[in-house]
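Subject: Structure handover and notes

Hello,

Please find the structure below, for your files. My notes on it come after.

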Amino acid sequence: MLNSKTYSFSFLVLLLILLICFFTNISLGSVYIPFKDVFNSLIGSSTEQETWLQIIQNYRLPKALTAILVGSGLGISGLLMQTLFRNPLAGPFVLGISSGASLGVALVILGSSVFGGVFMAFLISKWSIVIAASLGSFLVLLAVLMVSIKVRDTMAILIIGLMFASITAAIVSVLSYFGSAQQLQQYIFWGFGSLGNLSWDELFVFFIIYCLGITISLASVKSLNTLLLGENYAKSLGLNIKRSRLAIILSTSLLAGTITAFTGPIAFIGLAIPHLTRQIFNTSNHKILLPAVFLLGAIVMLICDSIAQVPNSDYTLPINAITSLVGAPVVIWLLVRKRKMVF
Amino acid sequence: MTNKNQHIILKTEDLSIGYQSKKVRTLVASNINIELHKGELVGLVGGNGIGKSTLLRTITNVQDALSGAIFINGKPIKKYPALDLAKVLSLVLTEQMMSKNLSVFELVALGRQPYTNWVGNLSENDMAIINNALSQTNIVDLKQKRCFELSDGQLQKVMIARALAQDTDLIILDEPTTHLDMYHKAYILKLLQKLTKETGKTILFSSHEIDLAIQLCDKLIVMSSNQVVSDTPCHLISKGVFETLFPKDLIAFDEKTGSFRVKK
């Protein structure tokens, strides 16, 4: 609302950085590809070597796009949770959405031996993992929400979120006790997080659900701003609290749930990006924050992914480790610098 | 002072307030018959725990009445959809708002929420109303400040401006003078009086500043343990209502000065 010119300038700069990060991310990898050929393959013309085109179009491009969706989606769902729960430490990870997704996936991968061979074929497919993760995250978020209606204390909600994570971990360890080595490995690899496993088909489905989540979050901009006043004021302004709360939670579980489902639980992006954005843009207005979080989330995720693939080497580090290594110090730095997290 | 022909903004009929759980029914006060007219400044006074907040919560539709009826502009309050009620009734609460990172302008602009479109874009008319609210509460120069930079007195003015921007017939404030120094207590109540005169809005506030309320209000609602009376301050003094307000061992009401004195 205020000095919209400075905001549009910042957005322009961020957009530029996003583009640079996007191209850098695609240029880097275990195989060295000259920048000219990267560009050529993106616009569809031929490259010096046929394999380069293959690598770019079927591996690096979907991976970079996934990074953009994951970073922006997690950032936005973190922002929604922080506003809804009136807590600067809220985020999909803290409130147990990721734990819920893990439980769903654990039940599918590890529990298939318990449920028996009939379901095996169906259960182990990629799609069932996606559905299980989404369901798991939605159920946990619903449980947290129901508790949050009863308990007014926001710290209690956070602790309850942590408790859900503990329960999840317990069930997962029981399941792993009965699981085979192969199943265990599959589950652990899912937990590392990975942006690179998505085919174009999967990316398409991911994108559709992502768009749905983003649309709901955009439609919630007004109620999010109203909620900044606290629930009683929001009610006095005619806001239907129950409906907006449901919309915000639905959006978060669609975004965080699908992201976790397709790429595994990715830590800290959802918590750190909204705070970083508030620092840079110095506002609490969601009309500014939402697009800004989108851009920053995508940028940070692309950078994390570029680091994770360790340029010009054969190693690919777990993306989850990189986001934690980048995200946790950011949160600490923000706290030390500002002393207080205003939001 | 009260004119029979004046438009009645809020009216209660044999209202009983209290709390109803599954088994227990706790009656806080009953037989409440009050009428608030257009452009009146009305104070709600009474001792701690007498039910002022319960009454305010009931007439703002936050909690249900035990029995009786509440009308706003002649229409039962229960018949108002939430958004329509937000266009006739605005609140200033005691609770702290959640985000103090909002600028004063943004906060006051949130008062326009019931009127704006789905993204909350402000029209020129909205901007005019917001700027008007800012100038009526003398906070134009605070416009760009963030709420965490404000003093309690400034913040209260901002919250009043927000309620003004909501452009409702009735504004209800819950203890707007707590945490304020003597000067700002008088300042805020004087501001409320000015607003009723200038805008023709009806303002109801609860307060412990009985002497200030007696001096400034058009009408007072006095809640004591056995009755709820509403009348002009002068009539209430001559009826001796204020003597019944508190136990008599420590303080006494002085009719001449219209204030309470500590017994020597």
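The notes below cover conventions, then each chain, then single residues.

This is a predicted model, in which local features need pLDDT of at least 70 and side-chain atom pairs count only at pLDDT 80 or more, while totals for chains, interfaces and linings use all residues. Residues are numbered from 1 along each chain as its sequence is written, chains are lettered from A and ligands numbered from 1 in the order in which they are written, and side-chain values use heavy atoms, with hydrogens and water left out.

Chain A

Chain A has 16 helices and 0 strands. Helices (H or I, at least four residues) and strands (E, at least two) are DSSP runs, numbered from the N terminus. Of the 343 residues in chain A, 54% are buried. Buried means under 20% relative accessible area, exposed means over 50%, and partly exposed is in between, with a 1.4 Å probe and protein chains only. Contact means heavy atoms within 4.5 Å. Among the contacts in chain A with a separation of 6 or more, 76% are between residues 24 or more positions apart. Accessible areas come from the Shrake-Rupley method with a 1.4 Å probe; for residues, only the protein chains shown count as cover.

Two residues of chain A are worth a note. Asn282(A) sits in the loop between helix H14 (269-281) and helix H15 (286-308). Its phi is positive, near 50°, in a residue other than glycine. Asn282(A) counts as partly exposed because its relative accessibility is 36%. Cys211(A) is also partly exposed, at 28% relative accessibility.

Chain B

Chain B has 8 helices and 13 strands. Its radius of gyration is 19 Å, close to the 18 Å that the globule rule gives for 264 residues, so chain B is as compact as a globular protein of that length. The radius is taken over C-alpha atoms, and the rule is 2.2 Å times the number of residues to the power 0.38. Along the principal axes, the C-alpha atoms of chain B fill a box of roughly 55 × 45 × 40 Å.

Buried residues make up 53% of the 264 in chain B. Of the contacts in chain B between residues at least 6 apart in sequence, 65% join residues at least 24 apart. The accessible surface of chain B is about 12400 Å², with 51% belonging to carbon and sulfur atoms. Chain B carries 31 positive and 27 negative side chains, and the centres of the two sets are 3 Å apart. Lys and Arg count as positive and Asp and Glu as negative, with His and the chain ends not counted. Each charge is placed at NZ of Lys, CZ of Arg, CG of Asp or CD of Glu.

Cys234(B) is in no disulfide, and the nearest cysteine sulfur, that of Cys217(B), is 12 Å away. Cys234(B) counts as exposed, at 59% relative accessibility.

Local points in chain B

Helix H1 (residues 52-59) of chain B has 6 of its 8 residues buried, so it is largely enclosed by the rest of the structure. Among the buried residues of H1(B) are Leu55(B), Leu56(B) and Ile59(B). After H1(B) comes Asn61(B), with a positive phi near 65°.

His179(B) is in the loop between strand E8 (170-173) and H6 of chain B. Although not a glycine, His179(B) has a positive phi of about 70°. His179(B) is exposed, with a relative accessible area of 71%. His184(B) lies in helix H6 (residues 182-199) and is partly exposed at 26%.

Ser224(B) is in the loop between strand E10 (219-223) and strand E11 (228-231). With a relative accessible area of 7%, Ser224(B) is buried. Neighbours within four places in sequence aside, Ser224(B) is in contact with Ile50(B), Thr244(B) and Leu245(B).

Val262(B) belongs to strand E13 (residues 259-262) and is exposed at 64% relative accessibility. Not counting residues up to four places away in sequence, Val262(B) touches Leu250(B) and Ile251(B). The C-alpha atoms of Val262(B) and Asp249(B), 13 residues apart in sequence, are 9.4 Å apart in space.

Regards

Conventions: A disulfide is a pair of cysteine sulfur atoms within 2.5 Å.
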